[in-house]
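Reader: Can you walk me through the charged side chains in this one? I'd like to know who pairs with whom.

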Amino acid sequence: MTDELTEELAGIRYREATEITAGTVANPRIRELYRYWLMKRGSAALPAKRDFDPLGHPQALGTLMILEQLDDGDYLYRLHGTKAAEQFGRDLTGHRLREAAGPVVPFFIAKYDRCLELGRPLYTVHRPVQMRTVALLERLLMPFADSAGRPRFVVAFTAPYALTGEVSEQTTSRMT
């Protein structure tokens, strides 16, 4: 399994993809959110954050997070879904990433920065640090623009990819 997570950053093994297709991502919620992002983007470089309605995604709502990139390089949780808060152990809405996430901060900042720099969604699978029952997490990070059209917001959807004891070759083959 560790062989499938080919990258390492800040002590976290992961794999990422910038192409979101049925061949690279099995989770239908992620593919649905990706199609929604494409629709909202239209012919613009990025969709506007004001056009994103978290309530329009009831199946994903509890696990959605909206983060705003701050001028100092940190991120502010504008929304931290209820299921995400339960998994993490507290609601991070209104908190900065650096004050809330501990040793995984460099990993998350690097992934959020990469998503904004690419100007397109980024899919990752990684080993979580603080979740004992989850062996792997999958995340879709989607960039959104502020009112001036600058990439400034990341909407993140997170879901368990494999639970402890359920990691198998079949599970990891979806990433190759």
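Author: One definition before the rest: a salt bridge here is a side-chain nitrogen of Lys or Arg within 4 Å of a carboxyl oxygen of Asp or Glu. Also keep in mind that this is a predicted model.

Reader: Fine. How many salt bridges does that rule give?

Author: The count comes to ten salt bridges.

Reader: Start with Arg 139. Which element is it in, and is it buried or exposed?

Author: Arg 139 lies in strand E6. The residue is buried, yet it has no salt bridge.

Reader: What is the nearest side chain of opposite charge, and how far away?

Author: That is Glu 16, 10 Å away. The cut-off for a salt bridge is 4 Å.

Reader: Then which side chain does Arg 139 have a polar contact with?

Author: Tyr 112; a polar contact of 2.8 Å joins the two side chains.

Reader: What else does Arg 139 touch?

Author: Leaving aside residues up to four places away in sequence, Arg 139 touches Met 65, Phe 108, Tyr 112, Leu 122, Tyr 123, Thr 124, His 126, Ala 156, Phe 157 and Thr 158. Among these, Phe 108 and Tyr 112 are buried residues of helix H4.

Reader: Back to Glu 16. What does it form a salt bridge with?

Author: Lys 111, with the closest N and O atoms 2.6 Å apart. Lys 111 is in helix H4 and Glu 16 in strand E2 (residues 12-17), so this pair ties together parts that are 95 residues apart in sequence.

Reader: How accessible are the two partners?

Author: Lys 111 has 4% relative accessibility and therefore counts as buried. Glu 16, at 22%, counts as partly exposed.

Reader: Which of its residues are buried?

Author: Val 105, Phe 107, Phe 108, Ile 109, Lys 111, Tyr 112, Cys 115 and Leu 116. As background, an α-helix has 3.6 residues a turn, so residues three or four places apart point the same way.

Reader: What comes after the helix?

Author: Gly 119, whose phi is positive, near 70°.

Reader: Change of topic. Which residues are linked in a network of salt bridges?

Author: Glu 68, Asp 71, Arg 78 and Arg 152. Within it, Glu 68 and Arg 152 have their closest N and O atoms 3.3 Å apart. Glu 68 lies in strand E3 and Arg 152 in strand E7, so the pair ties together parts that are 84 residues apart in sequence.

Reader: Are those two buried or exposed?

Author: Glu 68 is buried, with a relative accessible area of 11%. Arg 152 is buried as well, at 18%.

Reader: And where is Asp 71?

Author: Asp 71 is in the loop between strand E3 (64-69) and strand E4 (75-80). At 74% relative accessibility, Asp 71 counts as exposed. A polar contact of 3.2 Å joins its side chain to that of Arg 152, and the C-alpha atoms of the two residues are separated by 9.7 Å.

Reader: Last one: what does Asp 146 touch?

Author: Arg 152 and Phe 153, not counting residues up to four places away in sequence. Asp 146 is found in the loop between strand E6 (134-145) and strand E7 (151-163), and at 10% relative accessibility it counts as buried.

Notes
Residues are numbered from 1 along each chain as its sequence is written. This is a predicted model: local features need pLDDT of at least 70, side-chain atom pairs count only at pLDDT 80 or more; totals for chains, interfaces and linings use all residues. Side-chain values use heavy atoms; hydrogens and water are left out. Helices (H or I, at least four residues) and strands (E, at least two) are DSSP runs, numbered from the N terminus. Buried means under 20% relative accessible area, exposed over 50%, partly exposed in between (1.4 Å probe, protein chains only). Contact means heavy atoms within 4.5 Å. A polar contact is a pair of N or O atoms within 3.5 Å; within protein, one must be able to donate a hydrogen and the other to accept it, and residues adjacent in sequence count only if both atoms are side-chain atoms. Lys and Arg count as positive and Asp and Glu as negative; His and the chain ends are not counted.
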